[in-house]
Amino acid sequence: MNSLGFVETKGFVAAVEAADAMAKAANVTIVGTERVGGGLVAIIVEGDVGSVKAAVDAGAASAKKVGELVSVHVIARPNAALEDFFKGIREKKK
Amino acid sequence: MKNILTGEDIQQAREQGKKEVIFDEKTIVTDIAKEAARRFDIQLVKKEAAPKTATVAEKREPQRATRPPSRASSGGLSREEVMEWKKEFPILDSIIHVGNCSQSPQSKRVRQAIEQYMESWLSIGMDWEYWIEGVIEAKNEFARLINADPVEVAVSTSVSEATSSIASSINWRQEPRKRVITTEAEFPTVNYVWLAHQKYGCKVDFIPVRNGKLELEDYDRLVDEETKMVSTTHVYYQNGFKQDVKAIADIVHSKGSLLLLDDYQSSGTHPIDVREMDIDLLTTGNLKYLLGIPGIAFIYCKKELLEQFKPSVTGWFGQENPFDFHIRYLDYAQGARRFETGTPPVIAAFAANEGMRIINEVGPQRIKEHIEKLSEKALNLGSELGLNVISPFDVTRKGPTTAIQVAEDQDSHHVEEEMKKKNIIVSARGEAVRVAPHFFTLEEEIETVMHELARVLNE
Ligand SMILES: Cc1ncc(COP(=O)(O)O)c(C=O)c1O
């Protein structure tokens, strides 16, 4: 499984800004956007580890400018079990 | 809420001239931010400062113990031949020059070539025919060096410009394959060119450096049917790691992608046969092992591929007939000359031509064998002396550079200066000191260099 990257923001606009910056910065796929509740939105991307790191960094920098950035995280080698979890998210979105 | 430090924050700190960025324990520092801090020499300081001495001790741990001693093939130049060639480079009378990964010493012949240009400019005044002939001769000599047809060769001014010409010649908006795979072992300039082209729609991915090397498995894993080009270096400028170009070409071509090789750290020290190695595009410059001066570089492009490349980094010398002076349309040259831009670097071409003649005379295969012997000496002696050698120990997988990592509290540039006082030219880069000999280096000189280096590092 590829690496996963997360950027969590407070509010939708910052999240969209982050997603845009992430997709532009590196070769990553946006796997999902999760509304966590309380106005928190998480953007999740997938790709090789270098790209994911670059995307998360760019996403964080952009989100900070337009809204509130809550957290960032990279999982370089996700456990295979996570794959099913994200498949669930993807299917839910369809 | 957590504070998050990104690469951009470090960039800003740098622009403000800061030498350190302080953060608290709640702050998340992204890997990109850490990398930027390392590159710009900015200290990341956690508020309740971590114990520093521990990390220094960790870093100094020698990491070579389990490596097998290396073995080189026999061959190379005899002592007599080396002594004879030394006469060609006056500075070698008094200096041991092992900074060839950065700039080679001046030879009498290259100097004479430059003087020929100066003389023609002085006495004839304007002598374009002769000057342009000099550029063409340099291209021919380069073609000979890599076994290409001269029509497959273009002249450029630096590897940066050469790579830009190539990157700009792909219509990224229309190109169905959008990916460019480059590597973490590139000389950074190459990466900057590709990253700058992301705004036109290409996507850049990196082959990681693992233990100072690039692995074929990673090429196999990352290069895919979406990949337009794989842009990689023959030899890693940091530690001399040398790749198996043919094996990479096979992987790249099996995915229908193209191979662009940066040969700067190898040219002049390793035989290149673009056909046998199946290289699609190659760039290199002349001031390192090709014995030339700054200001010139070359592009090779396989004949069959030429037509698809339409550079927007361009100019009149890239046109089929530069002296047509048409103004309403583009008419790219049939050959690789389509990658050329403006008035070529004439004086550098005179120097480059003579430098490459010397290399072709000595013979890249023999130079390679000679350098493998010197590498064996440098690696094994470096180990024995307890130096932190960060180059591959298999001499067939390394170019001339043997890199010694300095301790955290040492400055590689200071080491370079100290060595200069001992009449030895080495080349500092980041945290390493590079020892990069050439065909005019003797084994006993490598011994002197390594012993002096150990002395300076232990002072
Ligand atoms: C492998 C490699 N490529 C490129 C360069 C620099 O290229 P240029 O300055 O010609 O753009 C260097 C210089 O050290 C290098 O070692």
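# A guided tour of the predicted model

Over all chains, the structure holds 34 salt bridges. The model is a predicted one, and the tour begins where two of its chains meet.

**The interface of chains A and B.** Display both chains together. Chain B and chain A each bring 19 residues to the contact. About 1,500 Å² is buried between them, and carbon and sulfur atoms give 50% of that area. Three salt bridges are counted between the two chains.

Select A:Lys65 and B:Glu8, which form a salt bridge with the closest N and O atoms 2.7 Å apart. Because A:Lys65 lies in helix α2 (residues 49-66) of chain A and B:Glu8 in helix α1 of chain B, this pair joins two chains. A:Lys65 is exposed, at 57% relative accessible area, whereas B:Glu8 is partly exposed at 30%.

Next, select B:Asp31 and A:Lys53; their salt bridge has its closest N and O atoms 2.9 Å apart. Then colour α1 (7-15), α2 (31-39) and β8 of chain B, the elements that give two or more residues to the side touching chain A. Of these, β8(B) gives the most, with four residues. By class, this side of chain B has eight nonpolar, four polar and seven charged residues.

**Helix α8 of chain B.** Select residues 188-196 of chain B. The buried residues of this helix are B:Thr189, B:Val190, B:Asn191, B:Val193 and B:Trp194. They pack against α7 (159-167), β7 (179-183), β8 (203-207), β9 (227-233) and β10 (258-262) of chain B.

**Salt bridges within chain B.** Select B:Glu444 and B:Arg79, whose side chains meet in a salt bridge of 2.7 Å, N to O. The pair links distant parts of the chain, 365 residues apart: B:Glu444 is in helix α14 (residues 443-458) and B:Arg79 in helix α4 (residues 79-86).

Move to B:Glu372 and B:Lys368, which form a salt bridge of 3.5 Å, N to O. These residues are four apart in helix α12 (residues 364-384) of chain B, so about one helical turn separates them. B:Glu372 is buried at 4% relative accessible area, and B:Lys368 is buried at 17%.

Now select B:Arg109, B:Glu137, B:Glu141, B:Arg144, B:Glu354, B:Arg357 and B:Glu361, which a network of salt bridges links.

**An open sheet in chain B.** Finish with the four antiparallel strands ordered β13-β14-β17-β16. At its edges are β13 (388-389) and β16 (427-429), each pairing on one side only. Three bridges join β16(B) to the antiparallel strand β17 (residues 432-435). Select B:Ala428 and its bridge partner in β17(B), B:Val433.

Terms used:
Residues are numbered from 1 along each chain as its sequence is written. Chains are lettered from A and ligands numbered from 1 in the order in which they are written. This is a predicted model: local features need pLDDT of at least 70, side-chain atom pairs count only at pLDDT 80 or more; totals for chains, interfaces and linings use all residues. Side-chain values use heavy atoms; hydrogens and water are left out. Buried means under 20% relative accessible area, exposed over 50%, partly exposed in between (1.4 Å probe, protein chains only). Contact means heavy atoms within 4.5 Å. Buried area is the accessible area (1.4 Å probe) that two parts lose on being put together, summed over both. A salt bridge is a side-chain nitrogen of Lys or Arg within 4 Å of a carboxyl oxygen of Asp or Glu. Ala, Val, Leu, Ile, Met, Phe, Trp, Tyr, Cys and Pro count as nonpolar, Asp, Glu, Lys and Arg as charged, and the others, Gly among them, as polar. Two strands pair if DSSP finds at least two bridges between them.
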